[in-house]
Each structure stands twice: as C-alpha cells, then as structure tokens.
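Here is a friendly briefing to read alongside the model. Take a look at the structure first, and then we can walk through it topic by topic.

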Amino acid sequence: MRWLAASTVVLTLFAQSVAADTFRFTAIPDEDQSRLVERFSKVADYLEERLDVEVEYVPVKSYGATVTAFRNDQVQLAWFGGLSGVQARRLVPGSVAVAQGSEDAAFKSYFIAHRSTGLEQAEALPAAIEGMSLTFGSRTSTSGRLMPEHFLRQRFGQAPDTLFSRVGFSGDHSRTIALVEAGTWDLGAVNFSVWEAAVEDGRVDTDKVEVIWATPPYPDYNWTLRGDVDERFGEGFSDQVRTALLEMDDPELLASFPREGFIPADNALYVPIEGIAEELGLLR
Amino acid sequence: MTLADHRTPAPRPGWLAGQSTGVRLARHTLTLVALAVVLVPFADLAVLTRDPWAELARMAKGLAWPAWGAMESPLEALGLTVAVALWGTLGGIVLGFPLALLFARSRLIRAGCAFVRAIHELFWALLFLQVFGLSAATALMALAIPYAGIFAKVFAEILEQIPGAPRDALPPGVSRLSRFVYAELPLAWTRLAAYTRYRFECALRASVLLGFVGLPTLGFQLETAFREGRYHEAGALLWLFYLLIASLPWWGHRRLMPLLVLGGAFLLGPWPAVDGGLLWRFVSQDIWPPALLEGDWRGLIDWLARIPDLAPAIGNTLLLGLLGSVGALLVALALWPLACRHFGNPVTRLVGRGLLLFLRSTPELMLAFFFLLLLGPSLLPAWLALALHNGALIAFLVARHADAITPGMPGVNAPGRLAYELLPRLYPGMLALLYYRAEVILRETAILGMLGVATLGYYIDANFEYLLFDVAFFLLLVTAALNIAVDALSRRLRPRETAIIDDPCQR
C-alpha cells in the first residue's frame, strides 16, 4: 500500500501541470525531512477532505525551488519562511500570507558556539566573537541567515565578512549544529526550534556546543496562497483554505511543521523582514 | 680531424632534455607539479581539527549498518535514476552526432559545443527548473545538452582517427552521408560504442546529482538524509548506488538496452505541458539585467558595480582547478595498480576495485563534507575531494587499459613491470586523460561552494537562491568563457603524439 502511494506520488509529480484542477502545495525544506512524502501526504488528505478538491503535496529541495514552484503556479499554496514568503509574494502579485504558526509571531534564532571558544550565554553578543569563524544555515533562511545577520550588523555595525575571519553557509540548520559541534566553525546561527528539537532528541552533545545568545523575536514562517485561487477553484476558496489551516488540530499533522497550531497572518506582518532583506541586498 | 672530433664530443643531453616522448611527458608533468607547488602558498589551506570524531563515527556507522527499511520508495528512485541517465545519454547522442560530423569544419559549432560543455549539469538543471519545474524535461535537458557538446567533440576525434584508406577508395562524388555510412561508421563503431558506455556511467552519476536540486532520483533522498545527519539512511542509499555501478556490466548489457530504454520511457512518465509564457518570460526577461532591457546604461553600470568582485573568485576557481588536476594525477598514479590484473592477488584486486568504485561513485560533495569535518573550512577539503574523486576515475580507466596489455617481458618482478613496461606504455594516455579531465575538474569546482570557498560557482549558486537570475546567468557566461579558455590552453599543451596512443574511448 505504501509502495502504491509512493509510486503514485512519483508519477503524479511528473504530471504536475497536466491536470489543471488539482490544488497543490509545498513546504520549504527546513525541519526534519525524513519520510517527508508520507507525512505531508497526510496533510494533503486533510486538506482534500476540507476543501473538496484534489490536493497534492509536491516535495521541494531548496528555498529557491519552493519560491520558483509558487511563482510558476506549480503549487498554489506554500509553507514559506519569512524571507522566502516575501520573495514569493513580490513575484506573484495578489498572493497573501493567510496563516502562521502560533510560534511564528515571536520566532527567534540562537547563536551557538563550540566550547573551545570559551564563550558563555550572555545578555548581548560578546565582543569576543570578533575574528572568530561563523556559519549561517541556508543563504535565504530567515532564522539561519537574515535575522542573525541583521542583529550582528546592529550590534557591531559591520558586515559579517569583515567581522569574522571566515563566514560559511552550511545550507541547513541540522548541519550548522553538526559542524559547530565538531568545532569546524566556532559559531553558528540556527533556528531555535530545530536546536531545541535536536537537544530534546539527544542528537547534540551540549558539552561541546551551547547557545550563547538568543535574538529578539521576529515574525517568521507563514502559509502563502496565490491570489487567483478563487477564480480557479470557486468563490470563497481562499477563505476555505484559511479556515482549514487555522482549524488544523491533529497533533500528528501539526508535527510535520512542527507547530502547536496555526493563527491568522497577513502581508503587513512581514514588512520589517522585507526591509531588512533589501538592506542586506537579498531582495531588489 | 678524428683527433678534433675526440676533443669536442657532442654535448651529452642534460637531465630531462631531449625530444623523446617519455622525456617530454616527464617535463610536462614536472612543470604542472612545479606550478602547483609554487601556487600552493596562495591557496587558503588552514587546517583546523577539533572534535570531528563523534560525527565521523556516526558517518562510519551509517555506512557500515545501512538502514534499508528507512528508504522511501528506493526502487522508484533507482528506476528513475537509470531512466534519466539512459534517456539523457540518448538525447546527447541524437543531438551530438550530427554536430560531430560538422565539428572539424565549423568554428561556430566547436565554440557552441565548448560553451554547453562548460556549464555544469547542475547549473543547467537550475536553469531549466525555472521553466519546466521539477519534471523529466528538466532532468533530460540538463544531461542531454552538455552531453551533446561532449559527444560532438569526442565522436569527431574518434572519426578523425580512423584509417583513411576505405574513404579514399570511394569514387569521387559520393555524398557525405554515404561516405560516412559505408566507409567511416563501420570502422569507428566499436570505439563509439565503448565511449557511449563510459558516458552512460558518467550519466548515472550526474543523474544522482540531479536529485540534489530536487529531481526525485536517488540523490534527492541521499542529499537530504546526509544533510540532516541520518547517516544510516544515507548509507543504505549510497550502497544501493555502489551496487548499481558495480553491476553495470551485467544489467547494462547491450541486449538488455532496448528493454531498459522502453521501461525507462515509462518511468519518465507523462510530460509537463510546456508553458510558453514561462519560457518566454525566462529567456526575454529573467536572465537579463533589468537596466539593459530598459536601455538604461547608467543603471547597467550600477548593476555591474553590485556584482561581487570577480577577480578573487576567478583566482580561486583556477587555483582549485589546477590543484585538483595535479592531485588527481598523483592519486591516479598511486591507485591504478591496485585494480590492475598484473599486480597483487584476487583479494587485493577486489579491494582495489572496490576502493576505486567507492571514490569515484561517492558524490564529491560528500567527500568534501567528510574532509570539511576533519580538516576545517578552507580550500583543502575541496581540493582533496576533487583529487580523490577524479584521480580514482582516471585510475579506473588506466587499470582497464592496462588489463588489455599483455606484458612482453617475462621474469620481471612487479615493481619492474610497473616501472619499465606498463607505466611507459600507459602514461601518455593517463596524461591525455588528465588534460581532458581538467575541464571537468574546473566545472566541478563550481559545486563546492558550500565549503565557503568563494569560487565562481559559489556566487552562481547564491544568486540562484536569491532568485537574481540575471546575475547568475552573467556569472555562468563568465564561467563558460573561463572554461573555454582553459580548454583551449590544455589542448595546446597536450602532447601531440598522445592523441594517437590515447584511446578516446576512455575519456
């Protein structure tokens, strides 16, 4: 049965833009990606039941590919990060942020450090980090790059390139943790929820790496919906989608994101993110 | 008179002087190595090892105890990997063969082929992804287009080297096509087929890599599992790929090919409806600077000014390419005897072949990550990954070449056979292979940007992520120009006579 489901997914993946009236969604590859298709297919089943149209999950590999799929109408709904959501809404006029996770209104990033740096948890980023090496996560990650870089610039008044001896992009939060734990980089900037999940599961040795600073809160992940879905799927469809997302309460489904639940959101919430991204030259 | 002759003997040729092939090749090699040694101080090779052992142990455990059950639909991924490689290679032949016939005559075609070859399959995929989405069309075009350029060049060289007598015996006025079908193709067939088989193995590796950008081949899950540290799952997928490559001689038999081609076509499944609008938007707008489209020249200068400083990126790319090539040569020299039938016993050969398979089939990105953990962030992990991967590939081809040689000096011990008989016969081919491979190595520097080494590829990758396709496209053009220049240079430097000794089927 699982085999059947999986092969259907693979086949339909190739048929993406063939059938016009299937509603498709995707999610940025950010949290735990194991058994991705299986878990998100359950979310698709839930949405299918609530929306009364065929719903399909499209697995996507990178932040950029998620935005591209949304822009090219290969998906109509997407679970974006703060920055990727802004990118997507700029490219698809009329699209709206319809919901965010209950944790996302006040999201934060952690700066983590290898114990050999001798750094301790503090109220502000210590001046001693100057000249050390730092790795961000993915280049367009809000929690792994954008906001940490913003707070670094705010505190030290210079770009990471000049502040640190070496700056890298590990590509992924889990990898940032692994690399700082191994001491490959002195410091790392990481999504707090990925860090806490890793600590809880015992996947990280907190004797070797620990949190030295938590950023102030900022808005992050969001569900963004294309503006033309009402025309294509019937009047009131976007409200139905919003309601279905806000009323999702099955812990098994929510664990895929992972969020406690979803709360309403709108485009205006993400204006600060947009401004910061423009300042850093990530948007134009 | 005779006395005078005795008094002024002809000067003895100095060390490494002279024009014999062996000496010239030795000079070539030593110049390359010397150049690398001189330039090493400019490379960023800091070593930093702190606590990599826990993570490395997890990786080793993952490879030793693969979690077969954790894979999500491995058979589909495997089937798709093969189907994409097969159809991508076929597409490359269909496009490349006609070009091969015109290759020698048209400068335009040669330049065009060099251009498509110069861009890495992954970057082609990223370009097509913007238009065709995650579809079989993206995967096939990402393979078929660069392969067309490669096939055109190599096929043209094979056809050039066939004996001319049958061709000359044809009556005048015979058309190009008839001449080709009756006097050229039959003579070249074996070598064309052998090269195609080798290219197919390359296509399998590339097909796995395409998974890294999101096409659902083996690489899709492999990259995710590896990135997130689920090494048992990554181990299972890697083993699956090693087995696929190791068993290629059996399942890749030519009698099975028609079946695989048809089955593969079914796996590739329905095609995306090509959206002309998307395609047009991409070619007419996305890849050009907005200022250029508006004819705003001042804006264009601003646009150029915002592009990161390219000089260090080009320097790093070339340096890594050179160091990678020299490293690959040394690795190949050290490893090829391990897999060759003239040395060792069946057990050592099995181990040797396994080692070469392991090194050439493990994606460079993973080798690089291993060294990144072990040695810290610098150019060094990228260098080692490139040298080992490409060195093992060259060693594999050289060992295969050596196996075809029957030693003619009985009673010589193994080191003697290596030094006096086999190496002199193999080395010209090995060096020629390296010169061809240098082009590939340079292309591969592009995908090691994650190490924080600011090569051109690092910026291309970044701009694809920022969705600044115009900048990415501009940098791709710069990369292509650089590759074409290096290719021209390596063709000029490549010892001439090796073209005859070298078997193009092994490139």
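H21(B) bends by about 55° at Leu423(B), and within four residues a proline, Pro424(B), follows. The bend at a residue is the angle between axes fitted to the seven residues ending there and the seven starting there. Please keep in mind that this is a predicted model, where local features need pLDDT of at least 70, side-chain atom pairs count only at pLDDT 80 or more, and totals for chains, interfaces and linings use all residues. Residues are numbered from 1 along each chain as its sequence is written, while chains are lettered from A and ligands numbered from 1 in the order in which they are written.

**The bent helix**

- Helix H21 of chain B runs over residues 414–445; helices (H or I, at least four residues) and strands (E, at least two) are DSSP runs, numbered from the N terminus.
- Its 32 residues end with C-alpha atoms only 37 Å apart, short of the 46 Å that a straight helix would reach at 1.5 Å a residue; the expected span is 1.5 Å times one less than the number of residues.
- Tyr420(B) also lies in helix H21, and Tyr420(B) counts as exposed because it has 11 C-beta neighbours inside 10 Å.
- For that label, a residue is buried if 20 or more other C-beta atoms lie within 10 Å of its own, exposed if 12 or fewer, and partly exposed in between, with C-beta atoms placed from the backbone.
- Met409(B) is eleven residues from Tyr420(B) in sequence, and their C-alpha atoms are 9.4 Å apart.

**Chain B overall**

- Chain B has 24 helices and zero strands.
- Along the principal axes, the C-alpha atoms of chain B fill a box of roughly 85 × 70 × 55 Å.
- Buried residues account for 47% of the 507 residues in chain B.

**Two domains in chain B**

- Chain B is divided into domain 1 (21–50 + 287–507) and domain 2 (52–276), with bounds that come from an automatic or database domain assignment.
- The C-alpha centres of these two domains of chain B lie 19 Å apart.
- Between them, 26 residues of domain 1 are in contact with 29 residues of domain 2, where contact means that the C-beta atoms, placed from the backbone, lie within 7 Å.
- On the domain 1 side of chain B, H23(B) gives the largest share, seven residues.
- That side divides into 17 nonpolar, six polar and three charged residues; Ala, Val, Leu, Ile, Met, Phe, Trp, Tyr, Cys and Pro count as nonpolar, Asp, Glu, Lys and Arg as charged, and the others, Gly among them, as polar.

**Where the chains meet**

- The contact between the chains takes 41 residues from chain B and 52 residues from chain A.
- Elements giving two or more residues to the chain B side include helix H3 (53–64), helix H10 (218–227) and helix H22 (456–465) of chain B.
- Phe220(B) lies in helix H10 of chain B, and Phe220(B) counts as buried because it has 26 C-beta neighbours inside 10 Å.
- Leaving aside neighbours within four places in sequence, Phe220(B) is in contact with Lys61(A), Ala77(B), Gly211(B), Gly214(B) and Leu215(B).

Definitions and conventions. Contact = placed C-beta atoms within 7 Å.
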